[in-house]
Amino acid sequence: MDSSQTDVVFNATIIKSNTSITIIEDKSTNETIVFAPPTLSPTVENIDAAEEVHQFDADAALLLNITLICCTMLAYYVKKNKFYFLPESAVAMLVGVVIGGIARLSVADLTLFSFSPELFFFVLLPPIIFEAGYSLEKKGFFDNIGAICLYAFGGTIISAFAVGWLTFVFAQNGLIGHVDQDNAMEALLFGALISAVDPVATLSIMGSPELQCDTLLYSLVFGESVLNDAVAIVLFKTFHKYYNPELTLTGSVIPAALFSFFTMTVLSILVGVLLGLLVSYIYKHTTISEFPKLEASLLYLFCYLCYATAEAFGLSGIMALFFNGVVLSHYNSYNLSTTAQTTTEQFFATVAVTMESIVFLYMGMGVFTGRFENWDIMFSLLGLLFCLIARALNIFPLSLIANCCRRKGENRISLKAQCVLWFAGLRGAIAFALSMNMPGPNSDSYASATLFICMFTTIVCGGFTEKILTRFGMKQGLENDNGEHYDFTSVENLISTESPLARQLSANLQEKYRSFWHDFDDNYMKELFGGDRVPDRQAGDYELSQQNDLYDF
């Protein structure tokens with residue numbers, strides 16, 4: 001059809017028309033015009049390409065499932081035979097190293113085997129964090145909430161600045177390569193991400209009933225770990241906003257960054273708590289419990305809504321999701337039907353375990369599939385040393401502060417317990433995922449150093465956890481080689497004296513707060529949002545006990 005035939009035809013008759021072709025006869029010129037749409041049928045090449053993609057995805061799904069089954073069976077074998085020197089997370093990581101090595105030698109496209117930070121933060125991590133909050137042993141957590149917050153918030157900030165400062169100073173003196181020697185904010189970013197304590201390996205061992213780990217120690221390690229992850233992410237995001245590779249760090253940036261950090265933390269917690277209360281109110285005042293499948297599905301969707309809402313507003317989805325899980329566990333779990341209670345608890349736990357296996361699997365594969373061009377062995381070793389120093393700088397001084405307002409006896413954090421806390425500061429998937437989002441030209445150097453630190457602490461330190469617990473007498477009723485009976489509650493505390501004023505102030509404040517909170521929670525909150533009402537509640541049933549420190553109210 002020539003250009004004249006593209007004009008509008010006024011005097012024409014449609015001879016034939018269907019979905020594929022239209023034939024028009026122009027009576028003024030006696031010409032027949034054929035209109036045909038572009039060919040939409042796929043070519044042979046497109047069909048072959050689609051089939052190749054489908055086959056690749058099928059092979060990938062098969063490989064991932066077989067690998068996860070192997071990891072699960074190995075974890076079962078480790079648990080059954082009580083191989084405390086090899087944690088489950090370390091098993092998954094070592095399997096990933098083997099798979100990554102094979103892929104490196106035999107596969108051209110390593111996209112499938114590469115760690116994706118976005119997949120981690122939006123798919124793998126949320127179920128793990130929510131399950132930690134939903135299954136939280138509230139009594140141990142809230143009994144020690146003051147010390148836990150000291151470690152999680154104050155300790156993370158101390159660790160971030162300590163690691164960042166040491167990294168920057170060593171880089172300026174030429175002892176570390178591939179690190180910005182002019183802009184300290186890059187080193188602070190590394191300090192923030194590497195301060196994400198993720199002791200999954202330690203907790204998997206401490207939680208073993210056979211070891212009878214001290215309950216106070218386990219509560220402190222667990223509480224710090226679940227909050228520390230969220231705090232490290234918020235701190236990293238805050239520093240990231242103030243990072244400019246072309247400008248040097250000024251003194252006014254640090255206070256502004258810390259203010260932004262605390263603001264983001266408070267708002268994130270507020271989002272999680274408010275959405276948790278909203279969900280509890282909906283379940284309390286509707287009859288959705290008559291439909292167990294719907295209430296379980298809706299609960300899962302509400303949980304992810306909390307994470308997505310916080311992230312959409314530039315807050316921390318992890319922080320919001322954890323406290324959302326705590327609120328839902330405290331109030332909404334009693335609004336669910338018996339079927340939904342069992343279903344949700346088992347479902348969240350199962351998904352969390354699967355996601356953890358995938359995370360450590362991909363971390364292991366990153367040894368061979370990661371595109372690290374500037375791996376510096378000296379930086380990796382010094383980074384590990386910096387982490388140990390920074391961990392000591394926050395655990396021991398903050399324990400000193402916590403003990404000043406704790407009563408003598410079983411609630412004091414002994415020096416032996418502090419040593420175990422220092423050793424339990426493993427680095428895991430969150431630190432590695434944050435390192436993959438590291439800005440600047442030296443991102444490869446930071447990512448490779450982080451991966452080395454994560455693998456060393458998970459495999460080596462995690463494997464020695466059982467021996468450390470035994471050596472420091474952190475097992476209940478343990479006897480040492482000399483026949484001396486270790487009792488955690490009778491071990492001499494780091495502080496031999498305490499302030500009578502602080503002790504009296506702590507006792508008065510906690511007693512007043514405990515009474516106020518119990519009355520308010522039972523008479524008002526649980527009336528609106530649901531929960532287990534206990535009229536004659538004993539101290540320490542789920543939030544607070546007689547042994548709280550000054551901060552635990």
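Modeller: The second largest cavity is lined by Tyr 151, Gly 155, Thr 156, Ser 159, Ser 195, Val 197, Glu 224, Asn 228, Arg 391, Asn 394 and Arg 427. Helix H5 (145-172), helix H8 (215-241) and helix H13 (377-404) each give two or more residues to this lining. H5 gives the most, with four residues. Helices here are DSSP runs of H or I with at least four residues, strands are runs of E with at least two, and both are numbered from the N terminus.

The model is predicted: local features need pLDDT of at least 70, side-chain atom pairs count only at pLDDT 80 or more, and totals for chains, interfaces and linings use all residues. Residues are numbered from 1 along each chain as its sequence is written, and side-chain values use heavy atoms, without hydrogens or water.

A cavity is a set of points, on a 1 Å grid over the protein atoms alone, where a 1.4 Å probe fits but cannot get out; its lining residues have an atom within 4 Å of a point. The second largest cavity has a volume of about 50 Å³. Volume is the space filled by probe spheres set on the points, which are joined across faces, edges and corners. Its lining divides into two nonpolar, six polar and three charged residues. Nonpolar covers Ala, Val, Leu, Ile, Met, Phe, Trp, Tyr, Cys and Pro; charged covers Asp, Glu, Lys and Arg; the others, Gly among them, are polar.

Now follow H8. Gly 223 is found in this helix. Gly 223 counts as buried because its relative accessibility is 0%. Buried means under 20% relative accessible area, exposed means over 50%, and partly exposed lies in between (1.4 Å probe, protein chains only). Beyond its neighbours within four places in sequence, Gly 223 is in contact with Phe 141 and Ile 148; contact means heavy atoms within 4.5 Å. Cys 149 is 74 residues from Gly 223 in sequence, yet 8.3 Å away in space, C-alpha to C-alpha.

Rings of Phe, Tyr and Trp (its six-membered ring) pair if their centres lie within 6.5 Å; planes under 30 degrees apart count as stacked, over 60 as edge-to-face and the rest as tilted. The count comes to 24 aromatic pairs. Phe 141 and Phe 142 form an edge-to-face pair, 5.2 Å centre to centre with 85 degrees between the planes. Phe 141 is buried at 3% relative accessible area, whereas Phe 142 is partly exposed at 23%.

Tyr 300 and Phe 348 make a stacked pair, because their planes meet at 20 degrees with centres 6.3 Å apart. Tyr 300 lies in helix H10 (residues 292-312) and Phe 348 in helix H12 (residues 338-369), so the pair ties together parts 48 residues apart in sequence. Tyr 300 is partly exposed at 32%; Phe 348 is buried at 6%. Ring pairs link both into a cluster with Phe 130, Tyr 134 and Phe 347.

Phe 130, Tyr 300 and Phe 348 are among the residues lining the largest cavity, which has a volume of about 70 Å³. Helix H3 (117-134) and H10 each supply at least two residues of that lining. By class it has eight nonpolar, no polar and no charged residues.

As for the whole, there are 18 helices and five strands. Of the 553 residues, 51% count as buried.

Methods:
On a 1 Å grid over the protein atoms alone, a cavity is a set of points where a 1.4 Å probe fits but cannot get out, and a pocket is an open set with protein on both sides within 12 Å along at least five of seven lines; lining residues have an atom within 4 Å of a point.
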